[in-house]
Amino acid sequence: MPDQNPEIENTVSHLFRHQAGKMVAVLTRIFGSHNIALAEDVVQDTLLTALEQWKLKGIPKDAEAWLFIVAKNKALNLIKKQKSNVLFGDEITQPLLQSGYTVETTVNQLFEENLIKDDQLRMMFACCHPELSEENQITLILKTLCGFSTAEIAKAFLTSEDTVSKRLYRTKEFFRENKIQLTIPNVDEIKKRTNAVLNSIYLIFNEGYNSTNSEELIRKDVIEESVILCKLLADNEHTQLPEVFALMALMCFHASRSESRLNDEGEIILLPMQDRNKWNRALITEGSNFMDKAAFGNAISTYHLQAGIAFEHCIAPSFEKTNWHKILSYYQWLCRIASTPVTELNRIIIVFQLQGAAVALKELEAIENKNKLESYYLYYSLLGEIYLKLNDPAIAKKHFEKAAALTQSKTEQRLLQNKISSLVQ
Amino acid sequence: MKEYLLLFRGGDAERKQFSPQQIEAHMKRWTEWIGGIAQSGNLVGAQPLTNEGRVLSGTSKKLTDGPFIEGKEILGGYVLVKAANFDAAVKISEACPNLELESGTVEVRETGVMDDHY
């Protein structure tokens, strides 16, 4: 058989991405959080073994089980060999991994299928440790739990591989130095800690959903992985908070539109022009079910409100027939509980829709901390639209140009360029 | 708290007759037993021994292979535990899976100081 087999390579890379995250979570629990790098090495080694063997023998029926057995044996051999040189595990497992009487049974037990989801959850909480910066949290999650390579993370976040490597290195050092425990937080902490995890998942999802600069395959996998992570929280009784279901709903509603957002050339299609027949009804229904589940407790989170907004878009028969008033009321609520210049900007886009250019311009000027928007392309893009409506194409053009210069996304740039050239004519 | 060395001998004849399932179940009980001692904070160390060995003797440091004794006398492994007294150490030993086997023994020895040997 020739060395390159595209079918195997494709199946394998998708399978690997997902299984790698699970295996790293289990192995990190076995080796201890101070040995994440070792866990990653063993997983990498397992994937290489799989690739070599599968090229010759084909992909086994239960590829996932195959990978786990190989990873387990590699881990076991490594622990047996290193017995007294390296300390593995946590307080409870450490003596059991050191003794030849107990090492094998202990590793077998830690690899049991029903424990893996908890391992992933523990790992997720560790990755979102309050002392880690948001970007370090996200980088570590993508690397260890979602199986993305350093190069892929760099591409998705428009940064260099070097920066990503440095972030990972520092985070692993932090784990080692602070002996971070892999636990599910106790009752007092669980709400706060879960919210930190949700925030990271939300940012990862947004990156996958909004970025048009990364490769399509990576983008889709980023979305898929963030949904899988959130589902882990939604499935565990300790973490079933209303916010978790609300974020699930929000992601379902957004994801339902993803097929209609780009044309064949990879350019953005704006909401009014999207083919609503392409929206995924099954995902919209799933999102609605999560919305029902999210309706308990006494607090409305930003995820609830954003999901409400996304839902209104999803059920509107056309752009014109969208319930803009309801959407505006959600945005007003959102701005009351979590006002940021960007949410204000989004609210004003709806104001522009409902109350016209003059009102929108006035409100835009009244935004607090407006200077934070001055590097945000959407701000200038909205100003452009407003001035266009106010019959001032010269100023509109200037704003569109500014917006085009600020966005890194090629498709956004093309979209803005089209607007600018239509103004010139 | 004193330290006691639990020494395991025998049982190999029976173990050799085990099916793979029996081996797995037996090893699970070792893990539960040692895990229990570890959880109570009384485990110092535990290792099985292979049947291979070297013996050095006397001033000449004469080197020979193996323990050269009857199969059932061969030391199979040890667990070092902390316990208040002999009774407590024996109590711990009673649950040792080596005693599931007819020829298996557990010898409980208290660690001491060299004074006793002069």
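This is a predicted model: local features need pLDDT of at least 70, side-chain atom pairs count only at pLDDT 80 or more; totals for chains, interfaces and linings use all residues.

Student: What makes A:Arg17 and A:Glu152 a salt bridge?

Tutor: A salt bridge requires a side-chain nitrogen of Lys or Arg within 4 Å of a carboxyl oxygen of Asp or Glu. The closest N and O atoms of A:Arg17 and A:Glu152 are 2.8 Å apart, and the pair therefore qualifies. A:Arg17 lies in helix α1 (residues 6-31) of chain A and A:Glu152 in helix α8 (residues 150-156), so the bridge ties together parts that are 135 residues apart in sequence. Helices here are DSSP runs of H or I with at least four residues, strands are runs of E with at least two, and both are numbered from the N terminus.

Student: Why are A:Arg17 and A:Glu152 called buried?

Tutor: Buried means under 20% relative accessible area, exposed means over 50%, and partly exposed lies in between (1.4 Å probe, protein chains only). A:Arg17 has 9% relative accessibility and therefore counts as buried. A:Glu152, at 19%, also counts as buried.

Student: Which other salt bridge does A:Arg17 form?

Tutor: A:Arg17 also pairs with A:Asp221, again with the closest N and O atoms 2.8 Å apart. A:Asp221 lies in helix α11 (residues 216-235) of chain A, so this pair joins parts that are 204 residues apart in sequence. A:Asp221 is buried, as is A:Arg17.

Student: How do you know that A:Glu243 is buried and that A:Lys191 is partly exposed?

Tutor: A:Glu243 has 8% relative accessibility and therefore counts as buried. A:Lys191 has 41%, so the term for A:Lys191 is partly exposed. The side chains of A:Glu243 and A:Lys191 meet in a salt bridge of 2.8 Å, N to O. Helix α12 holds A:Glu243 and helix α10 (residues 187-210) holds A:Lys191, so parts 52 residues apart in sequence are tied together. Over all chains, the structure holds 27 salt bridges. A:Arg29, A:Asp90, A:Asp119 and A:Arg122 are linked in a network of them.

Student: What makes a set of residues a nonpolar core?

Tutor: A nonpolar core is a set of buried Ala, Val, Leu, Ile, Met, Phe, Trp, Tyr and Cys residues joined through side-chain atoms within 4.5 Å. The largest has 72 residues, of which A:Met124, A:Leu145, A:Ile201, A:Leu233 and A:Leu247 touch the most other members. Helix α12 (residues 242-256) of chain A gives the most to this core, with 10 residues. A second, separate core of 30 residues includes A:Leu51, A:Ala71, A:Phe88 and A:Val103.

Student: Why is A:His34 called partly exposed?

Tutor: The relative accessible area of A:His34 is 26%, so the residue is partly exposed. A:His34 is placed in the loop between α1 and α2 (36-57) of chain A. Leaving aside neighbours within four places in sequence, A:His34 is in contact (heavy atoms within 4.5 Å) with A:Leu87, A:Gly89 and A:Arg176.

Student: How many residues of chain A and chain B are in contact?

Tutor: There are 12 residues of chain A in contact with 16 residues of chain B. The two chains bury about 1,100 Å² between them, 67% of it on carbon and sulfur atoms. Buried area is the accessible area (1.4 Å probe) that two parts lose on being put together, summed over both. A:Leu96, A:Tyr101 and A:Thr105 supply 53% of the area that chain A buries against chain B, more than any other three residues. Between chain A and chain B the count of salt bridges is zero.

Student: What elements does chain B have?

Tutor: Chain B has three helices and six strands, in the order β-α-α-β-β-β-β-α-β from the N terminus on. Of its 118 residues, 30% count as buried.

Key
Residues are numbered from 1 along each chain as its sequence is written. Chains are lettered from A and ligands numbered from 1 in the order in which they are written. Side-chain values use heavy atoms; hydrogens and water are left out.
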